[in-house]
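User: Hi, could you walk me through this one? I'd like to start with the pockets.

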Amino acid sequence: ACLKNSIMLGGLSRLAHGLWECGECGLVDERGFDDDHWVRQAHRVRDERARRPSQSKFRVVAVVVYERGDGTVSHVIGHNDEAACLKNSICAERAAFVQLCMLPQSACSRVTAVYIASDAAEPITPGALCREFMMSSPLTSTDTRIVMEGGGRRLDLLLAGLYPHASPYIRLTAEEQAAAGRRLGPAVRPFPAAHEQQAWEGAVAAAQRDARPLHAIGYGACVVFEDGSDARAWQWKALEYSCSLDAVCLLAPALAARRDGGVEPRVLCLADQHGVCHAPHATARAILVEHGYGDVRVLVHDSDGHAHTPTAAELLPTAPTAFDAFLACGGGAGEA
């Protein structure tokens, strides 16, 4: 009731330009603040953070601006942090988004924009995991703005442009994913080329091995090489979901070994047990692009079952490029 009343002028007191406070509950309405304000706030929080991430020393801050059910506006702030095991690190965007899960639905109806600042002297885009996590959120849409600023330059992009070909299951619960797979599987379009069919069939067969009953969907991956041979892997589920091993990433040793022998991959497929082809998940997108496999074609089905064959690089557009800034902060191999 108080939030509903806060949009009425009689229930609010003016704090500053664009900022109102409810006299009954003290909730602040931050409508009226522009991009410059939020970018400055992101940089201020970054500058004030004395303890840097333990491994890279590279600071990133995300300010997530959201709208309450009554139209008033607020925000949360997240920053990156790291563990000795690199895989157990968390990025700023996800650190901010998990705070939104603690709010009642009436207190957060949608995210309007995400503002990102870092130690780089250029705007850096979110990493693949953050893109996937934000796209998975019921609080975002494909039109959610992602604003990045660094060195006086600013990028303003839409979430859909940062994470193309998201899984048809991207915002579904486990039960909804199972139902979608049963519905979509019989309707998916085939891939015409023989090597594409080989990759598809290999991935679906591998997915049957991902049978541990911790989630309704199993994933298998298959890569077909230029010489007609293939390699297969399947997801290894873990009770703590984030400890699971990605099917495409498990193909990395085979990809490297064949490249060492002069044989390149021709096409790659990630499929579930229903036969639906998914673009590689976030971790695999980053690994493929950063390790020189951006040109490989990937088999994908959209939510209508139509077939697509983007390259791995097309699945991670405007990939983060702050490698030099990362090293300058103290990240990297260091002394052996």
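Analyst: Happy to! This is a predicted model. The second largest pocket has a lining of 14 residues, and T142, H165, A166, S167 and I170 are the ones nearest its centre.

User: How much space lies in the second largest pocket?

Analyst: About 190 Å³.

User: And how do the residues of its lining divide into nonpolar, polar and charged?

Analyst: Seven are nonpolar, five are polar and two are charged.

User: Thanks. Switching to the sheet: in what order do the five strands come?

Analyst: The order is β5-β4-β6-β7-β8, in an open sheet with mixed pairing. At the edges are β5 (73-79) and β8 (153-158), each of which pairs on one side only. On average, neighbouring strands are turned by 20° against each other, ignoring direction.

User: How many bridges join β6 to β7?

Analyst: Five, and the two strands run parallel; β6 covers residues 110-118 and β7 covers residues 145-150. As one example, V114 has I146 in β7 as its bridge partner.

User: Nice. Which strands does helix α2 lie across?

Analyst: Helix α2 (residues 35-48) lies across β4 (60-67), β5, β6, β7 and β8, and runs at about 50° to β6.

User: What about α3, mostly covered or mostly open?

Analyst: Mostly covered: helix α3 spans residues 92-100, and seven of its nine residues are buried.

User: Which ones are buried in α3?

Analyst: A92, E93, R94, A95, A96, F97 and L100.

User: And what covers them?

Analyst: The cover over the buried residues of α3 includes strands β4, β5 and β6, along with helix α4 (128-136).

Notes. Residues are numbered from 1 along each chain as its sequence is written. This is a predicted model: local features need pLDDT of at least 70, side-chain atom pairs count only at pLDDT 80 or more; totals for chains, interfaces and linings use all residues. Side-chain values use heavy atoms; hydrogens and water are left out. On a 1 Å grid over the protein atoms alone, a cavity is a set of points where a 1.4 Å probe fits but cannot get out, and a pocket is an open set with protein on both sides within 12 Å along at least five of seven lines; lining residues have an atom within 4 Å of a point. Grid points are joined across faces, edges and corners, and a volume is the space filled by probe spheres set on the points. Ala, Val, Leu, Ile, Met, Phe, Trp, Tyr, Cys and Pro count as nonpolar, Asp, Glu, Lys and Arg as charged, and the others, Gly among them, as polar. Two strands pair if DSSP finds at least two bridges between them. Helices (H or I, at least four residues) and strands (E, at least two) are DSSP runs, numbered from the N terminus. Axes are lines fitted to C-alpha atoms, for helices over the stretch in contact, and angles run from 0 to 180 degrees between N-to-C directions. Contact means heavy atoms within 4.5 Å. Buried means under 20% relative accessible area, exposed over 50%, partly exposed in between (1.4 Å probe, protein chains only).
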